[in-house]
Amino acid sequence: MYLERLLEFVASLGPRDLFFYFWPFFLIDLVRYTLLDLLVLGAYMPGRHLRQRRIQEARSRLFRERPLVSVIAPGKNEGRHIPALADSLDRQTYRHLEIIIVDDGSDDETPAICRQLERRGRIRRFIRNEVRGGKASAANTALRYCRGRFVVHLDADSSLRYDSIERILIPFYLHHDVGAVGGDIRVDNLTDSMATRMQGVEYIKAITTGRTVSSMLGILRIVAGAYGAFRRDVLERLGGWDVGPGLDGDITLKIRKLGLRIVHEPEAVCYTNVPDSFRKLARQRFRWDRSMVRFRMRKHVDLLKPGASFHLRNFIASFENIFFSILLNIKWWVYLAQMLVFHPEMLSLLLPINYVLYFTVNVVQFAIAVTAFRSSLRTRDIALALYLPAVPLYIGVYLRLVRTLAQLMELLHKVSYRDRWNPWKVSSIARREGL
Amino acid sequence: MSTTAEHRDVPAPLELTSRTLAEHGGELLDSQRAQAAPAFVLVPEQDSGAAGLLQTLRRHPDPDIYLKPVLLRCQQPPPAELAQACDGSWAGSPGELPQGLLQVCSGIRDSIVGLARAPGGDTGLPLRLLRFMACRGGPLSPLPTARHRQGHVYPSLEPLASAEPGAVLNSLEVLEEQRVIQGELHTTAYECAHCGCAFLNFTENCPQCAAVDLSHDDLVHHFRCGYTAELGAFRRGEQLVCPKCDRALHHIGVDYDKPSSMFHCRSCTHDFQEPTIRTTCYDCGHNSAPENLPQRSVKRFMVTALGQNAAALGLESLFMSVMERRLNLCPWDAFQMFLKVEAARIARYRRSRSSLLLLQLCGVDELYVRLGRRADDVFEELAEAMTQILRRSDLITARHDALFVALLTETDEAQAARAAARLDEGVGELLQNNMGTTAGLRVKVANLDPEADPQALLQALMD
């Protein structure tokens with residue numbers, strides 16, 4: 001009975017009804033996240049094939065010059081991951097590396113583990129900060145002692161594909177004005193739980209596909225802290241990282257303001273461990289979504305203002321992120337309110353249809369990603385297709401709730417300054433100075 | 001020679017100078033006057049050789065001399081080392097010895113009276129030290145000093161010993177091993193692994209090039225902007241200013257921190273947090289890592305009850321105790337009897353030959369002084385070397401500490417000579433490895449002639 005009614009309703013929908021009932025999907029999500037991806041990747045794939053010669057030339061130049069690359073991994077209590085990280089870097093095709101680990105006030109075995117690795121020559125330098133200063137401070141400490149022309153910032157619990165360092169450096173040799181290159185973050189602990197599987201799908205959509213598209217459009221606004229490469233002279237010119245959270249997005253915008261290009265390299269693959277429960281995931285996303293408000297709407301609001309330093313691409317990068325992540329997030333609540341107020345009786349029909357629509361585009365997006373990036377995806381990445389039916393609920397309901405709450409709390413109460421991700425003494429200064 | 005004013009019932013202390021001792025020599029110390037005096041008195045203000053004179057007194061073999069209290073009479077404070085080595089001092093005229101000092105001298109004299117005397121006096125350093133400590137009573141504490149290479153001395157004991165480095169410490173170790181003194185930890189000291197010197201130069205070195213030209217600076221983390229660099233990068237005149245955000249830094253812990261520090265090598269420009277620590281001995285120049293340095297316990301010593309007895313009656317030689325246990329020594333009288341029986345047996349049956357083997361080891365005391373606590377191990381090895389030569393049918397005795405005679409039954413002179421050669425080689429190698437010399441070692445063999453008098457034969461062998 002219900003199914004019949006549903007099918008009848010679908011059959012009765014005309015173009016006007018479709019727009020009225022499903023305008024968020026057709027007007028925004030389908031256009032921005034599916035059609036645009038199709039168009040851009042449609043240009044990306046043959047373009048990459050055509051660019052192979054240039055890529056090869058860039059690679060040859062890279063290996064001919066063989067610049068020193070400083071790989072830095074600042075963190076607290078990450079000692080147990082460092083041996084595996086050192087192994088991963090040992091297996092890289094690009095070998096001219098110096099590994100610098102900074103211990104941000106660890107209270108476990110990290111110093112002992114890392115000193116031993118240093119003595120054995122597995123890492124070049126281990127710096128222990130007795131007093132915790134936060135991620136930015138630890139990263140800046142590492143930057144102070146880097147000798148490489150390029151700096152690769154990694155999370156300590158990451159592992160890289162064998163050619164990842166080489167891949168992330170090549171864009172610097174393809175274009176003279178690249179300031180930073182983002183690596184492709186994939187989920188390592190895919191099979192731990194439903195939460196990790198959902199994140200696996202999300203990363204493929206949002207990072208592998210989404211950031212490649214943004215990069216091609218010249219509006220990429222973030223180089224992930226988990227894996228990104230920077231020109232050392234650019235970092236030094238900026239004085240390193242600023243206090244976070246969201247310091248990866250923050251430094252990316254600062255590099256954009258210098259007029260330099262930000263590139264995403266989907267073939268520079270990095271595997272990382274993600275939260276394995278929805279509770280832990282919520283805490284992570286609270287932090288990320290709050291930082292988006294703090295940095296993009298407050299600290300870097302100048303990107304939106306006309307002025308001497310105005311740059312169209314920077315404006316679009318910032319505006320697009322604010323518009324889609326914050327303003328259009330509100331649209332869903334408006335849409336829900338609209339349906340509840342004006343057509344409450346239709347909700348039982350509208351919601352399943354919305355689900356089917358979003359599920360369909362998820363399938364299309366996933367297929368696009370697998371097609372475009374097949375060479376770097378593992379079998380178990382592709383096997384995530386089995387979990388696509390849950391993705392609309394994950395992204396459309398769970399993440400949306402978390403994001404809405406985070407953004408409201410940050411807009412109204414600036415709660416990011418109380419985040420224990422930074423030491424309180426650092427956060428209190430940042431709050432006092434409105435940083 | 002001057003005399004002090006005498007107390008009514010007690011002879012007066014004998015005032016000595018190095019000049020009078022030089023003029024009168026041993027006669028002065030052997031005289032009744034010297035023997036009866038309750039103390040010797042030195043006057044360092046009038047005698048520049050007082051320290052040497054003290055050594056002469058303390059190295060005399062006669063307990064009545066070397067154990068006698070030595071006092072200083074001086075108006076000015078005496079030299080510190082001399083004062084610590086003596087039993088007291090006063091700043092008055094010769095006849096005005098304070099009552100307290102008189103009592104000290106009296107107590108020491110009473111202790112000396114009860115001591116057993118050996119012919120020739122006390123020659124071994126361990127016994128001399130023990131008797132000295134027993135007569136003085138009280139704990140013997142070490143004194144840190146820069147004048148001696150081992151860093152700590154026992155001032156009152158130093159004059160008793162020769163100039164051999166570490167003689168006193170090694171002898172005290174032997175005494176502690178034998179439980180006649182008890183040590184209590186006073187402090188510890190690192191010493192050179194090569195020569196035992198306590199004076200070590202600790203340097204911080206670059207882990208990369210071992211250079212010592214290092215600079216050291218704190219790292220500063222500015223809370224506001226996260227910028228981290230050496231303190232020097234923040235200095236702008238008298239103030240600290242962040243190079244990144246141009247803000248002044250005011251209070252540590254409020255707007256900045258110093259999370260760690262860094263060393264910089266000016267030779268190879270390497271930056272690091274943990275320099276390599278090396279030690280260099282001031283005496284021999286030997287380099288080593290601190291973790292490889294031997295650590296010596298510096299102790300306070302007290303004479304035990306066993307030690308009091310040993311001081312009074314004589315210290316049983318550690319060497320002899322090891323030999324007796326390992327070699328199953330036969331008493332001298334019994335050995336002589338067995339010798340007669342063996343000679344008679346050979347004379348009657350005329351079918352076999354036996355030999356005598358002599359092992360003489362001079363300077364056993366030197367072993368204590370040179371080896372200290374290790375002397376025990378060396379003695380065990382010596383005994384082992386001798387047991388390798390001897391068979392169950394052989395008999396061995398000790399005439400004294402350093403003289404051993406063995407009866408090798410059914411062994412002709414050639415065989416005995418071979419055994420002697422092996423013994424000579426084994427013991428010689430042991431002495432060479434531990435002492436650097438084989439001087440003082442004598443091995444001899446003689447055929448047990450049944451026609452000769454066994455006693456005369458034995459005596460001829462020992463002579």
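How many residues does the contact take from chain A and from chain B? The contact, meaning heavy atoms within 4.5 Å, takes 28 residues from chain A and 25 residues from chain B. The structure is a predicted model, in which local features need pLDDT of at least 70 and side-chain atom pairs count only at pLDDT 80 or more, whereas totals for chains, interfaces and linings use all residues. Residues are numbered from 1 along each chain as its sequence is written, chains are lettered from A and ligands numbered from 1 in the order in which they are written, and side-chain values use heavy atoms, with hydrogens and water left out.

Between them, chain A and chain B bury about 2100 Å², of which 48% is on carbon and sulfur atoms; buried area is the accessible area (1.4 Å probe) that two parts lose on being put together, summed over both. On the side of chain A, the most area is lost to chain B by Arg144(A), Tyr145(A) and Ile429(A), which together account for 25% of what that side buries. Four salt bridges are counted between chain A and chain B, a salt bridge being a side-chain nitrogen of Lys or Arg within 4 Å of a carboxyl oxygen of Asp or Glu. Lys425(A) and Asp257(B) form a salt bridge in which the closest N and O atoms are 2.3 Å apart. The count of residue pairs in polar contact between chain A and chain B, both at pLDDT 80 or more, is 15. A polar contact is a pair of N or O atoms within 3.5 Å; within protein, one must be able to donate a hydrogen and the other to accept it, and residues adjacent in sequence count only if both atoms are side-chain atoms.

Strand 3 (125-129), helix 6 (135-144) and helix 16 (424-433) of chain A each supply at least two residues of the side that touches chain B. Helices (H or I, at least four residues) and strands (E, at least two) are DSSP runs, numbered from the N terminus. By class, this side of chain A has eleven nonpolar, seven polar and ten charged residues, where Ala, Val, Leu, Ile, Met, Phe, Trp, Tyr, Cys and Pro count as nonpolar, Asp, Glu, Lys and Arg as charged, and the others, Gly among them, as polar.

Chain A has 16 helices and eight strands. Its C-alpha trace spans about 75 × 55 × 50 Å along the principal axes. The radius of gyration of chain A is 22 Å, in agreement with the value near 22 Å for a compact globule of 435 residues; this radius is taken over C-alpha atoms, and the globule rule is 2.2 Å times the number of residues to the power 0.38. Of the 435 residues in chain A, 58% are buried, with buried meaning under 20% relative accessible area, exposed over 50%, and partly exposed in between (1.4 Å probe, protein chains only). Among contacts in chain A with a separation of 6 or more, 82% involve residues 24 or more positions apart.

Val181(A), in strand 6 (residues 178-187), counts as buried at 0% relative accessibility. Leaving aside neighbours within four places in sequence, Val181(A) has contacts that include Ile168(A), Phe172(A), Val223(A), Val263(A) and Glu265(A). The C-alpha atoms of Val181(A) and Ser193(A), twelve residues apart along the chain, are separated by 30 Å. Asn362(A) is found in helix 13 (residues 347-373) and is buried, with a relative accessible area of 6%. Its side chain makes a polar contact with the side chain of Lys205(A) at 3.2 Å. Not counting residues up to four places away in sequence, Asn362(A) touches Lys205(A), Leu388(A), Val391(A) and Pro392(A).

Over all chains, 48 salt bridges are found. Arg53(A) and Glu57(A) form one of them, with the closest N and O atoms 3.1 Å apart. These two residues are separated by about one helical turn because Arg53(A) and Glu57(A) lie four residues apart in helix 3 (residues 52-65) of chain A. Arg53(A) is exposed, with a relative accessible area of 61%, and Glu57(A) is partly exposed at 40%. Arg161(A) forms a salt bridge with Asp163(A), the closest N and O atoms again being 3.1 Å apart, and both of these residues are buried. In chain B, Arg326(B) forms a salt bridge with Glu380(B), with 2.8 Å between the closest N and O atoms. Arg326(B) lies in helix 12 (residues 318-327) and Glu380(B) in helix 15 (residues 375-389) of chain B, so the pair ties together parts that are 54 residues apart in sequence. A network of salt bridges links Asp87(A), Asp90(A), Arg95(A) and Arg122(A).
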